[in-house]
Amino acid sequence: EEDGTCRDAYTGTEEMVTAICLKEHGISAEPAIDPEGREHVSLYEVDDIIKYNRTDQGEWWFWKNKKRFPCHDDGDCLAYLPLALHHYKDSRDFLDLEKEFYGSVMKGEKDPKLIRTKDGRVAARRWPNFDVTHQYFERVRAAMKAVEYEDSQTLAISNVQQLRQTEQLNNRLYCVVPFIWSSQYIPSYHAIRKTWGKRCDILKFMIDPIIGDDETGYLDLRTQRPVHELPDDLVVIDIQRPWNACADEPDGNCRNIWEKIWRSWIWVDSHGDSDLAEWFVKIDADSFLFPENMKRYVVDKGWSSNEHHYFGHILMHKTDTAEPMIAGAAVFFSRATLKAAANIFRKFENTVESYNGEIKRQSSRVKCKDTLTDQEELITSICLKQHLGVEAYPVLDETGQELVIVGEIEDVLLWNRTGQGEWWYWKNKPKKHPITGKDDVHHCCGELPIAFHGYQDSQWFFKLESEFYSEEVSDEGDSWKKYQWRNPTVTEKYFDRVRRAMKKAASIG
């Protein structure tokens, strides 16, 4: 029998004897896990092991003495590029797994033996714990396709280019723009794509299923087909509450932003897109983003996307009754936080009240739940703090100046805390820098800005593009060329500093 030595023995614990023998020659076992602690080798059927929760289960032999990772407690601890799936006693399981990852499901081929759910999901069979198992299989397929694409691209570039590509891939930015597809807003769509949006690694516009307006008429994409094909970067989110049913609001817009936000992040995660980037931003359609400055910021901070990060322009005016929150102009998440947040939001799907023709507003007491509200920043901060212990982090430069600007830049440059007093923008923000002790913290503005907000007229995006990137701007019309900055002396002086800082940063990076 096995006795703890390296020798032949009558035993079924070959793993232990192998480890002992190798250790005697200085070779130790290494865990096959990804950077987030997810297992590449599943010891049990996927539908079973994917439900494991370390806190709930306690330290039985599976968990005992393992280094702890956040995924141990959120039911998402299998790697998306698995090496082996174990414990399938029925060999017919192998044939169905082959279809899932290499055959008809993976390739989208016709196969009469596949099952199709009412909501359009396709699988080799109705696996136990189907919703969670199918979601994991989708992520595996997305990861395998991404690797296949990256491998094909790598063959075509030089060694130097490979190094640069690796650096860029480590900090890819996925940009999500909540949007309404109607004639009023379509100019903003085109302006974003032709200016800052082209510098996002991935850009998606999350739209309601109801498109159109009073003039052209409304179309429900859940039951009707549009006359023209929608652009590929539009994602139709299955929002239950119609956006255009509030007669007492401008344009009938119910501003049901919260449901759109939480359902959008579920879509990103469920479709495997959460593995296509390291950083994610929800950005308003009237914000101008500097993606490269955001990437420099996280590099300078030494942050990893495998850690929890939730950051942007911090607002603290409601901290008497709620958590500090990130202003909705531009809300950034690490991949770890995005995935964990999506898991929180999935619990909402079973609690959404179906729309019955009445619009019910949220109660005064804000909780982490689905509700009809435009205060998505507040509920996001509550959910992350309550379920993950993740707090909002202010994006400031090394001197404590704001990098995400929540108003039009030419106005915010003149804001002064002493002169204005403690209105909501300043309320409860610290006045002194925690390191330098200077009393001008949270003022405007840092020289490598990450976002400017408040440009309802999207022609301003072309104006900003020409200021910081190129005189040759791809636009629709040239009305922006006549636009003038308010406070031109102060504004142009600041823009000069920004241009110098961006050129210097580019030459270093």
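Colleague: Which residues touch the most other members of the largest nonpolar core?

Modeller: Trp196, Leu289, Phe345 and Phe452 do, in a core of 96 residues. A nonpolar core here is a set of buried Ala, Val, Leu, Ile, Met, Phe, Trp, Tyr and Cys residues joined through side-chain atoms within 4.5 Å. Buried means under 20% relative accessible area, exposed over 50%, and partly exposed in between, with a 1.4 Å probe and protein chains only.

Colleague: And which helix gives the most to this core?

Modeller: Helix α9, residues 257-270, with 7 residues. Helices (H or I, at least four residues) and strands (E, at least two) are DSSP runs, numbered from the N terminus.

Colleague: What does Phe345 touch?

Modeller: Leaving out residues up to four places away in sequence, Phe345 touches Trp258, Trp262, Trp265, Ile266 and Cys383. Contact means heavy atoms within 4.5 Å. Another core, of 16 residues, lies apart from the largest one, and its members include Ile49, Tyr80, Trp127 and Tyr136.

Colleague: Before I go on, what am I looking at in terms of numbering and confidence?

Modeller: It is a predicted model, where local features need pLDDT of at least 70, side-chain atom pairs count only at pLDDT 80 or more, and totals for chains, interfaces and linings use all residues. Residues are numbered from 1 along each chain as its sequence is written, and side-chain values use heavy atoms, with hydrogens and water left out.

Colleague: Fine. Sheets now: in what order do the 7 strands of the open sheet come?

Modeller: The order is β9-β6-β5-β10-β15-β12-β16, with mixed pairing. Two strands pair if DSSP finds at least two bridges between them. β9 (234-236) and β16 (393-394) each have a single partner strand, so one side of each is left without a neighbour in the sheet.

Colleague: How many residues of β15 are buried?

Modeller: 5 of its 5. Ala330, Phe332 and Ser334 are on one side, Val331 and Phe333 on the other, and both faces are covered.

Colleague: And how does β15 pair with β10 and β12?

Modeller: With β10 the pairing is antiparallel over 5 bridges, and Trp279 has Ser334 as its bridge partner. β12 also runs antiparallel to β15, joined by 2 bridges, and Tyr310 stands opposite Phe333. Elsewhere in the sheet, β5 (173-179) and β6 (202-207) run parallel with 6 bridges.

Colleague: What about α12, how far does it reach?

Modeller: α12 (376-388) has 13 residues and reaches 17 Å from its first C-alpha to its last, close to the 18 Å expected at 1.5 Å a residue. The expected span is 1.5 Å times one less than the number of residues. Its buried residues include Leu378, Ile379, Ile382 and Cys383, and what covers the buried residues of α12 includes α9, β10, β15 and α11. Gly389 follows α12, with a positive phi near 70°.

Colleague: Which strands make up the open sheet of 3?

Modeller: β11-β18-β17, in that order, with mixed pairing. β11 (287-289) and β17 are the edge strands, each pairing on one side only. β17 and β18 (451-453) run parallel with 2 bridges, and Ile405 stands opposite Phe452. Helix α15 (459-468) lies across β11 and β18, at about 25° to β11.

Colleague: Single residues, then. Is Gly407 buried or exposed?

Modeller: Buried, with a relative accessible area of 10%. Gly407 is in the loop between β17 and α13 (409-412). Its C-alpha is separated by 6.8 Å from that of Phe452, 45 residues apart along the chain. Beyond four places in sequence, Gly407 is in contact with Val412 and His453.

Colleague: And Glu410, buried or exposed?

Modeller: Glu410 is buried at 0% relative accessible area, and its place is in helix α13. Not counting residues up to four places away, Glu410 touches Tyr455, Trp485, Arg486, Asn487 and Thr491.

Methods
Axes fitted to C-alpha atoms, helices over the stretch in contact; angles between N-to-C directions.
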